[in-house]
Amino acid sequence: MIDAFISSEHVCPCNFHDRYKQKDAIEVRHMQDPYFIQATVSAPVKQINSQQRDVMADVFTLPPLTYAYDALEPYIDAKTMEIHYTKHHAAYVAGLNKAVEEFKIHDTDLKTLLAHHFDKPSVRNNGGGHYNHTFFWKIIDPKGSKEPIGALAKAIESEFGSIEAFKEQFTKAALSRFGSGWAWLVKTAEGKLKIISTGNQDVPFLAATGGIDGSKPIIGIDVWEHAYYLKYQNKRVDYVNAFYQIINWTLANELYG
Ligand SMILES: [Fe+2]
């Protein structure tokens with residue numbers, strides 16, 4: 001559960017968020033989704049300072065990357081990480097903020113926002129891009145276990161036969177995604193492990209027609225070319241094999257929990 005901390009210089013300009021107003025510091029619970037461990041998102045606020053008054057702040061912000069761009073070398077090169085994070089992810093955040101403003105959206109929980117506004121391509125693509133990338137940076141965090149552990153390791157062996165068999169199926173999903181998209185290991189609403197693939201920036205927890213289907217992402221790989229082309233060019237399979245070297249299985253096991 002992630003809480004945003006908004007200082008007293010921020011007040012919400014809309015009636016919806018009047019209940020959050022306080023004289024002193026206020027705390028707004030935002031991401032109900034525990035996967036957004038480092039996501040920083042605030043309620044719509046009006047920043048007031050001496051230089052600039054009555055300017056709408058961005059609703060969603062780029063979450064901090066908790067490791068250096070070269071931390072995943074040699075599996076993901078520093079330049080790819082830098083461009084991926086500062087250009088691609090940042091563009092999704094900017095696009096989402098623009099869409100939120102355009103459609104006067106008040107949902108501050110990104111998961112709910114995506115479910116409510118699935119029919120709006122700018123929200124679906126940019127909101128999905130923000131969600132997926134925020135998840136991705138955490139699941140490749142170099143601080144975690146490099147091998148499957150705990151209950152998740154047991155569940156993978158039970159569901160797929162072995163860790164290697166799981167990797168074979170996951171690789172197949174990642175390679176068979178035509179064009180751009182993602183491959184995921186999810187825990188379904190029924191508690192089963194399942195490998196799925198989503199196109200473009202579609203998220204792993206929405207049904208095809210919109211609406212939350214109860215799936216929880218456990219691991220996910222970005223197979224857009226921007227994620228690997230500088231180092232691997234057209235050899236997506238090499239990138240997928242490298243991904244297995246950098247999965248944060250400690251977090252994945254917690255998410256499976
Ligand atoms: Fe990406």
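How are helix 4 and helix 8 oriented to each other, and which are they: roughly parallel or roughly perpendicular? In this predicted model, helix 4 and helix 8 are roughly perpendicular to each other, because their axes cross at roughly 80° and angles of 65 to 115 degrees count as roughly perpendicular.

**View 1. The contact of helix 4 with helix 8.** Helix 4 covers residues 150-160 and helix 8 covers residues 249-256. Their axes come within 7 Å. From helix 4, the contact takes in Gly 150, Ala 151, Leu 152 and Ala 155. Helix 8 contributes Ala 252, Asn 253 and Tyr 256. Five residues of this contact are nonpolar, two are polar and no residue is charged.

**View 2. The packing of helix 1 with helix 3.** Helix 1 spans residues 78-102, and helix 3 spans residues 121-139. The two helices pack at an angle of about 140°, and their axes are 8 Å apart. Helix 1 and helix 3 are therefore oblique to each other, as only angles over 145 degrees count as roughly antiparallel. The crossing of helix 1 past helix 3 is left-handed. On the helix 1 side, the residues in the contact are His 89, Tyr 92, Val 93, Gly 95, Leu 96 and Ala 99. They meet Ser 122, Val 123, Asn 126, Gly 127, Gly 129, His 130 and His 133 in helix 3. By class, the contact of helix 1 with helix 3 has five nonpolar, eight polar and no charged residues.

View 3. Strand 8 is made up of residues 181-187. Six of its seven residues are buried, so strand 8 is largely enclosed by the rest of the structure. One of the bridges pairs Trp 182 with Thr 198 in strand 9.

**View 4. The hairpin of strand 8 and strand 9.** Five residues lie between the two strands of this hairpin. Gly 191, in the turn, has a positive phi of about 90°.

**View 5. The cis peptide bond at Pro 74.** The bond joins Glu 73 and Pro 74, with omega about 5°. Pro 74 belongs to the loop between strand 7 (60-61) and helix 1 (78-102). Pro 74 is exposed, because 9 other C-beta atoms lie within 10 Å and the cut-off for exposed is 12 or fewer. Pro 74 and Ala 242 are 168 residues apart in sequence, but their C-alpha atoms are 8.7 Å apart in space.

**View 6. Positive phi at Asn 200 and Gln 233.** Asn 200 is not a glycine, yet has a positive phi of about 50°. Its place is in the loop between strand 9 (193-199) and strand 10 (216-222). With 16 other C-beta atoms within 10 Å, Asn 200 is partly exposed. Gln 233, also not a glycine, has a positive phi of about 50°. Gln 233 sits in the loop between helix 6 (229-232) and helix 7 (236-243). Gln 233 is exposed, with 11 other C-beta atoms within 10 Å.

Note on methods: Residues are numbered from 1 along each chain as its sequence is written. This is a predicted model: local features need pLDDT of at least 70, side-chain atom pairs count only at pLDDT 80 or more; totals for chains, interfaces and linings use all residues. Helices (H or I, at least four residues) and strands (E, at least two) are DSSP runs, numbered from the N terminus. A residue is buried if 20 or more other C-beta atoms lie within 10 Å of its own, exposed if 12 or fewer, and partly exposed in between; C-beta atoms are placed from the backbone. Axes are lines fitted to C-alpha atoms, for helices over the stretch in contact, and angles run from 0 to 180 degrees between N-to-C directions. Angles under 35 degrees count as roughly parallel, over 145 as roughly antiparallel, 65 to 115 as roughly perpendicular and the rest as oblique. A crossing is left-handed if the near helix is turned anticlockwise from the far one by less than a right angle, and right-handed if clockwise. Two residues are in contact if their C-beta atoms, placed from the backbone, lie within 7 Å. Ala, Val, Leu, Ile, Met, Phe, Trp, Tyr, Cys and Pro count as nonpolar, Asp, Glu, Lys and Arg as charged, and the others, Gly among them, as polar. Two strands pair if DSSP finds at least two bridges between them.
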